[in-house]
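Reader: Could you walk me through how this one is packed? I'd like to start with the strands and then move on to the rings.

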Amino acid sequence: MASTSSTGTKFYALLLVVVVATSMVAKCGANFNQDFDLTWGDHRAKIFGGGQLLSLSLDKVSGSGFQSKKEYLFGRIDMQLKLVAGNSAGTVTAYYLSSQGPTHDEIDFEFLGNVSGDPYILHTNVFTQGKGNREQQFYLWFDPTRNFHTYSIIWKPQHIIFLVDNIPIRVFKNAEVAGVPFPKNQPMRIYSSLWNADDWATRGGLVKTDWSKAPFTAYYRNFKATEFSVSSNSFSDAALQSTELDAYGRRRLRWVQKYFMIYNYCNDLKRFPQGLPAECKR
């Protein structure tokens, strides 16, 4: 028979586990049921786990997607994703901010699938007043299908920063002084979709989607939105520290761009024979 002290120790150990687990759930971020609408794909888009987990699926009939109920004008958006595993060639998982209309603004993460064993390509772009063509592409330094990873956008009047697991991979600076429009007037919603793009997504469309592997599924959790005040265009010290790149952040940015960037429109002289875009010269 166990002693009273031993039983008490086990009880408090169990209580500690329960408390820790509860605190972890409390930090899981917003609730998908409250913050998002499933917009297309019928049963292929699902929210479960009490609103803490969302999945999108793609089959030969249709993909699926969701969008935020709320619009945002400046802030930090964080979302954890686990991408389609196995042979994901031809599929695209898009996660982005966008306004509406022919002169819309947009800030894009797109994950281009590949055949088993080959890496995903992370495609980024920025649209201002309906014009994009500002692509930068990266390989990731991990397998994005094995675990959840955090993909973040910091959007301020001064710049847009793309981050992966809090490591900056791209900075798009406000270059209005050079005549380049910058997204600052149009509130944007958060969108995500999983869809078939085998006419271009993998090796320029050479590799097609293998529908025998369907359905393809991506998972989302731990959404968090931190809004910045636009009335005064001023930020608290805490907000500034979390949205500016310090020396370490700048070193990590250089590391990613040196070893993992595979395309940068600002280096594509063949694409812009009349001269690189103005923001590339700053």
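**Strands, rings and cores**

Author: Let's begin with a bridge: Ile154 has Ile161 in β11 as its partner. Strands here are DSSP runs of E of at least two residues, with helices being H or I runs of at least four, all numbered from the N terminus. Two strands pair if DSSP finds at least two bridges between them.

Reader: Before we go on, what am I looking at?

Author: It's a predicted model, so local features need pLDDT of at least 70 and side-chain atom pairs count only at pLDDT 80 or more, while totals for chains, interfaces and linings use all residues. Residues are numbered from 1 along each chain as its sequence is written, and side-chain values use heavy atoms, leaving out hydrogens and water.

Reader: OK, how many bridges join β10 to β11?

Author: There are 5, and the two strands run antiparallel. They make a hairpin with 3 residues between them.

Reader: And how does β11 pair with β12?

Author: Antiparallel again, over 6 bridges, with β12 covering residues 167-173. One of the links is Ile160 to Phe172 in β12. That hairpin has 2 residues between its strands, and Asp165 in the turn has a positive phi of about 50°.

Reader: Is β11 mostly covered or open?

Author: Mostly covered: 6 of its 6 residues are buried, where buried means under 20% relative accessible area, exposed over 50% and partly exposed in between (1.4 Å probe, protein chains only). His159, Ile161 and Leu163 are buried on one side, and Ile160, Phe162 and Val164 on the other.

Reader: Switching topic, how many aromatic pairs?

Author: 19 of them. Rings of Phe, Tyr and Trp (its six-membered ring) pair if their centres lie within 6.5 Å; planes under 30 degrees apart count as stacked, over 60 as edge-to-face and the rest as tilted. Phe66 and Tyr220 have ring centres 5.0 Å apart and planes at 90°, so they're edge-to-face. Phe66 sits in strand β4 and Tyr220 in strand β14, so this pair ties together parts 154 residues apart in sequence.

Reader: Are those two buried or exposed?

Author: Buried: Phe66 has a relative accessible area of 1%, and Tyr220 is at 0%. For a tilted example, Phe74 and Trp155 have centres 5.1 Å apart and planes at 55°. Phe74 is buried at 6%, and Trp155 at 1%.

Reader: What about the nonpolar core, who touches the most other members?

Author: Met79, Phe109, Tyr151, Trp155, Ile160 and Tyr220 do, in the largest core, which has 53 residues. The largest share of this core, 5 residues, comes from β11. By nonpolar core I mean buried Ala, Val, Leu, Ile, Met, Phe, Trp, Tyr and Cys residues joined through side-chain atoms within 4.5 Å. Apart from it lies another core of 5 residues, among them Val92 and Ala197.

Reader: Last one: what does UniProt list for Asn114?

Author: The unreviewed entry gives it as a glycosylation site. UniProt positions use the numbering here, feature names are shortened, and annotations may be inferred rather than shown by experiment. Asn114 lies in the loop between β7 and β8, and counts as buried at 13% relative accessibility. Leaving aside neighbours within four places in sequence, its contacts include Gly86, Pro119 and Thr202, a contact being heavy atoms within 4.5 Å.
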